[in-house]
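Please keep the structure open while reading.

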Amino acid sequence: MTIAHGPSFPAARPRRLRRADWVRRLARETKLGVDDLIFAVVVHDGPEKEIQVQSMPGAPRLSLDRLAQAGEEAQSLGVPMIAVFPQIDPTLKDRQGGEALNPEGLVPRAVKALKAAAPNVGVMVDIALDPFTDHGHDGVINDAGVVLNDETLDRLVDQALMLAAAGADVVAPSDMMDGRVGAIRAALERALWPDVAIMSYAAKYASAFYGPYRDAIGSSAALKGDKKTYQMDPGNTDEALREAALDIAEGADMLLVKPGMPYLDIVHRVKESFGLPTFAFQVSGEYAMIRAAAQNGWLDEDRAVIESLTAFRRAGADGVISYFALHAARLLGR
Ligand code: PBG
């Protein structure tokens with residue numbers, strides 16, 4: 001983009017275009033709309049309609065029937081997609097994450113409940129083993145605790161096929177194993193699910209901002225060590241482009257950068273470099289920061305939500321996954 005250089009002061013007075021709401025709306029470069037929002041939500045398998053998560057006030061875990069209601073609300077607000085994440089009963093977790101492959105499990109039932117309640121809303125599911133493993137890692141581990149890449153791929157492929165069969169529209173590998181996009185794409189083609197899209201977590205960083213999510217899905221207590229052998233180093237940028245290029249070559253339809261706000265430079269470079277539909281994840285820790293400050297009266301929540309989501313768009317994101325998505329859609333609809 002070239003920037004027009006006009007005359008200087010006083011011929012140029014940029015404040016002329018800021019003097020009233022009507023002219024600010026006319027001159028605005030980036031607009032946030034409901035079409036840009038993906039609602040992130042955690043589900044549980046119990047009868048309680050909502051269970052509050054201490055570190056995510058206002059973003060409770062939902063029962064499946066409450067999830068269906070949220071789906072209806074998303075549909076009527078015009079929110080295009082919902083991303084569901086499960087909190088799995090700890091007694092069902094094991095070292096291999098076997099419950100991830102159960103076709104009667106919580107996630108496939110959540111997909112079906114959403115599709116029945118809100119057929120016009122896309123449903124996206126995470127492909128990774130961490131909600132299902134008793135050690136909290138995204139893949140299978142050996143006796144030394146090493147997360148095994150190729151052994152994990154087999155499981156991720158089965159998980160993706162199972163969820164495609166349940167009706168998921170978009171599978172989103174969030175595990176950061178090498179080669180997973182290609183393995184999942186090939187398996188989906190073989191299984192005759194060519195229309196299932198892959199949104200790859202192309203650049204996913206080993207981040208402190210996932211803390212509240214791990215509380216919400218109940219993996220933080222179990223997780224030993226960290227995820228630095230598979231998630232990216234926060235200091236790296238070129239590596240994000242390499243990851244994105246690999247995922248595109250392997251068949252990703254859409255790219256995701258995560259976390260969001262601390263990584264807007266990555267969003268920008270990924271979008272500029274490849275031009276694919278590129279999304280950002282305003283993760284649980286970002287949600288918690290805004291929420292906690294708002295609850296203390298330290299910032300205006302509604303304005304902070306809209307401003308933060310708009311910033312993702314300005315950086316180049318085509319859309320944002322957020323726990324605030326329904327709230328933001330309500331604000332935008334006013
Ligand atoms: C794990 C996964 C994580 C999130 C989504 N999928 C966390 C992690 O890698 O430990 C984070 C979501 C959030 O923080 O909101 N596969």
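## Terms and model

A residue is called buried when its relative accessible area is under 20%, exposed when that area is over 50%, and partly exposed in between. The model described here is predicted.

## Salt bridges

Side chains of opposite charge can pair when their charged atoms come close. A salt bridge is counted here when a side-chain nitrogen of Lys or Arg is within 4 Å of a carboxyl oxygen of Asp or Glu. By this rule the chain has 16 salt bridges.

One of them joins Glu 301 and Arg 291, whose closest N and O atoms are 2.5 Å apart.

Another salt bridge is made by Asp 21 and Arg 25, with 2.9 Å between the closest N and O atoms. Both residues lie in helix α1, 4 residues apart, which is about one turn of the helix. Asp 21 has a relative accessible area of 39%, so it is partly exposed. Arg 25 also counts as partly exposed, because its relative accessibility is 45%.

Arg 313 and Asp 36 form a salt bridge in which the closest N and O atoms are 3.2 Å apart. Here too distant parts of the chain are linked: Arg 313 is in helix α10 (residues 301-315), Asp 36 is in the loop between α1 and β1 (37-43), and the two are 277 residues apart. Arg 313 is partly exposed, because its relative accessibility is 24%. Asp 36 has a relative accessibility of 11%, so it counts as buried.

Where does Asp 138 lie in the chain? Asp 138 is in the loop between β5 (122-127) and α4 (149-166). Its relative accessibility is 1%, and therefore Asp 138 counts as buried. The side chain of Asp 138 has a polar contact of 2.6 Å with the side chain of Lys 227.

Lys 93 sits in the loop between β4 (81-86) and α3 (106-117).

## Charged patches on the surface

A patch of positive charge on the surface gathers Arg 13, Arg 15, Arg 16 and Arg 18. Arg 18 is in the segment before α1 (21-27). With 51% relative accessibility, Arg 18 counts as exposed, because the cut-off is over 50%.

A negative surface patch consists of Asp 150, Glu 151, Asp 154, Asp 158 and Asp 178. Asp 178 is found in the loop between β6 (170-173) and α5 (180-190).

Most residues other than glycine have a negative phi, and most peptide bonds are trans. Met 176 has a positive phi, near 65 degrees, and is not a glycine. Met 176 is placed in the loop between β6 and α5. Its relative accessible area is 4%, so Met 176 is buried.

Leu 192 is not a glycine either, and its phi is positive at about 65 degrees. Leu 192 lies in the loop between α5 and β7 (197-204). Is Leu 192 buried or exposed? Leu 192 counts as exposed, because its relative accessibility is 69%.

There are also cis peptide bonds. The bond from Phe 9 to Pro 10 is cis, with omega near 10 degrees, and Pro 10 belongs to the segment before α1. Lys 258 and Pro 259 are likewise joined by a cis peptide bond, with omega about -10 degrees. Pro 259 is in the loop between β8 (254-258) and α8 (264-274).

Conventions:
Residues numbered from 1 in each chain as written. Predicted model: local features only at pLDDT ≥ 70, side-chain atom pairs only at ≥ 80, totals over all residues. Heavy atoms only, no water. Patch = residues over 30% accessible without salt bridge, like charges linked within 9 Å, V, L, I, M, F, W, Y side chains within 5 Å. Areas by Shrake-Rupley, 256 points an atom, 1.4 Å probe, with all protein chains shown as cover. Lys, Arg positive; Asp, Glu negative; His and termini not counted. Charge placed at Lys NZ, Arg CZ, Asp CG, Glu CD. Buried < 20%, exposed > 50% of the residue type's maximum accessible area, 1.4 Å probe, protein only. Polar contact = N/O pair within 3.5 Å; in protein donor to acceptor, adjacent residues only side chain to side chain.
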